[in-house]
Number of protein chains: 2
Amino acid sequence: MKKPVWAIIGGGNGGQAMAAHLGTMGFQVRIYDVKEENVEVINKQGGIQFEDGVVDGFGKVEFATMDMGKAVVGADMVVIVAPALYHKDIATKMAPHLVDGQFVFIHPGATCGSLEVRKVLDDEGCKADIVVGEAMSLLYAARSPRFGVASILGIKEELMVAAMPSNKTKEMLEILNLAFPQMYAGENVLETSFENLNCMVHPGPSLLNVAQIESGRDWKYYYDGITPSIGAYVEKMDAARVELGKKYNLKLTNILDWYVKLYSAKGETLTDAVNNTKAYADISGQKTLRTRYILEDVPMSLVPLAELGKVAGVRQDMVETMIDLGEFLMGEEFRKNGRNAAALGIEGMSVEDLLKYVTTGKKN
Amino acid sequence: MKKPVWAIIGGGNGGQAMAAHLGTMGFQVRIYDVKEENVEVINKQGGIQFEDGVVDGFGKVEFATMDMGKAVVGADMVVIVAPALYHKDIATKMAPHLVDGQFVFIHPGATCGSLEVRKVLDDEGCKADIVVGEAMSLLYAARSPRFGVASILGIKEELMVAAMPSNKTKEMLEILNLAFPQMYAGENVLETSFENLNCMVHPGPSLLNVAQIESGRDWKYYYDGITPSIGAYVEKMDAARVELGKKYNLKLTNILDWYVKLYSAKGETLTDAVNNTKAYADISGQKTLRTRYILEDVPMSLVPLAELGKVAGVRQDMVETMIDLGEFLMGEEFRKNGRNAAALGIEGMSVEDLLKYVTTGKKN
């Protein structure tokens, strides 16, 4: 297999980390960003410098650009590394430039990112024979202290990915695994969507920490924020998620088992588990409600999860309550503006219709 | 008018304060309590001693008793001063002893206390021609440091009351005003129910303070607990309450205006107003979710308020969200076990039916 060309769409913490990481591996990689200064710095440097963290060196980058067409043309693997709120806009800009044989890999997809991007590409008249796919979370714990500099604090040992149609997952993984052997195949993009754990631990606990967030005090997101009752809420909401997965023939992993798997966490409850996870000790809590944990994760994760519940006729009550609370506390219309059934292109579908769609890419 | 005989049902903070207060005014008053030691102490003393607070002296009490029949027989005004969760049980015990001409005054009724008590009396086969009534809140800020001792920290300058049927409110007030000139007539028991402000400021803010409650830290209920977003939530929920009142021909007062009226609070928002209310400075926050602010106020205030919304065809979304949150966080079935339409005896009623019922005491 010829060495693939990568386009990284997004120059934030994750995007710069991934581009630089690929660069240090010797892959041809370009990066797209909307921030002019970042683009200039990376082009001037000819790449991205690692600083601190677990990966050292300089990641050569072919070019940085604010031109989506330039970024995408000639790339085998187009990787969207951007907040889910921007996926729609990115897909819209990308649509006219995609050509047969390309992969559009959303890293991560949040919940139902592939469905949304596929819908946007269709709406934009993209007829190219491309495959959309997604990861269940971000491979890296990363930050970018300044333009042109990346710091990877941790790399996951395993990361589930899936393509849509799912019969293309193997082909997509053959490319991804050249750089990232830890990526493995999920059943389909519903499994990667259901297993987006941020959907469980970001929006609900953030909303339920409103008093702490607005107290002005310093607090730790996991240590102070996942109190016994909040942890119990998440676990019950999560148990309903796992049950819902069964309706889609998916054997999902409950959140406590994920914590054991990902962080070797110990504890009988989620609250115990996060309190026993050293990696969480220093993660600070927000001081405003208006962060991505709510503004992004409610509309782009909880809303589509609720929609998957409706498709299966199993109302996700605890998810709906968090969406309600989010809408009232924030004065936002998350259901209307988020990944609802219409935005995902799955209106009126049954479970069977949806399974066929994610498996074959074809609608009934 | 002959001087009325009072029976105070409940020997807690409010009950002892009220009995002692009436005693100092020279009224004949007896008190019922389930706590044997309290009954013994009061009988031994021959009354209740005031200590600290704004009322001094010794309130003579005719007798204290654990026998509901003994407490009720011969009383003109039977006053229930007990947590709303006990109203049903108290009404059940009281039913066989009531006779024509007595008033049963629930002080306070929480939300729809009169409807619930009336339903219980009917179910228990009470045929006596009695009038049930209620106050919109407790007249006193009071505590009982120990059995037989009461401390009144404050007395409201105005207190709305209503009888059911409402054409008996005047008659009820003629008795109440002999001791409590600050009591005035509301339109009906729906108005006193709607104006139960605890329904707005207790359960919602308590639930939204789950993180603070479980933090183990000391915190102030109003100063720390009514953060800007929590205050805004309450104000929006309250605005819906006021709107709902219009469906019942009631001109309700919004919570901010109540704070101005009751505490001369100043502020553009509820958060500002409570932060400018000195009386609130020292009120501590809970350190457990399992207090009356949730366990009582959700089922006995939010649930009936939601029911009044349903009767009028105006879903109280923000109230319902708090009930949902309460049920999930507490693992309780508040709707099933609380003051739902069945418990209130208003199943299937329209607004007109309900207005007729509270006005005349007759169901269609």
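Colleague: What makes the order of the 4 strands in the open sheet of chain A, and what is the pairing?

Modeller: This is a predicted model, by the way. The order runs β4-β3-β10-β9, and the pairing is mixed. Two strands pair if there are at least two bridges between them. β9(A) and β10(A), residues 149-155, have 5 bridges in the antiparallel sense, so they count as paired by that cut-off. One of the bridges joins A:Arg143 to A:Ser151.

Colleague: Why are β4 and β9 of chain A called edge strands?

Modeller: Because each of them, β4 (58-60) and β9 (140-146), pairs on one side only.

Colleague: How do you know that helix α1 of chain A packs on the sheet?

Modeller: Contact means heavy atoms within 4.5 Å, and α1(A), residues 13-24, touches β3, β4, β9 and β10 of chain A. The direction of α1(A) makes about 100 degrees with that of β9(A). Helix α2(A), residues 36-45, packs there too, touching β3 and β4 at about 85 degrees to β3(A).

Colleague: What is the count of salt bridges between chain A and chain B?

Modeller: That count is 0: a Lys or Arg side-chain nitrogen has to be within 4 Å of an Asp or Glu carboxyl oxygen. There are 8 residue pairs in polar contact, though, both residues at pLDDT 80 or more.

Colleague: Which element gives the most to the side of chain A that touches chain B?

Modeller: α16(A), with 8 residues. The residues on that side divide into 12 nonpolar, 6 polar and 5 charged. Between them the two chains bury about 2,000 Å², 63% of it on carbon and sulfur atoms.

Notes
Residues are numbered from 1 along each chain as its sequence is written. Chains are lettered from A and ligands numbered from 1 in the order in which they are written. This is a predicted model: local features need pLDDT of at least 70, side-chain atom pairs count only at pLDDT 80 or more; totals for chains, interfaces and linings use all residues. Side-chain values use heavy atoms; hydrogens and water are left out. Helices (H or I, at least four residues) and strands (E, at least two) are DSSP runs, numbered from the N terminus. Axes are lines fitted to C-alpha atoms, for helices over the stretch in contact, and angles run from 0 to 180 degrees between N-to-C directions. Buried area is the accessible area (1.4 Å probe) that two parts lose on being put together, summed over both. A polar contact is a pair of N or O atoms within 3.5 Å; within protein, one must be able to donate a hydrogen and the other to accept it, and residues adjacent in sequence count only if both atoms are side-chain atoms. Ala, Val, Leu, Ile, Met, Phe, Trp, Tyr, Cys and Pro count as nonpolar, Asp, Glu, Lys and Arg as charged, and the others, Gly among them, as polar.
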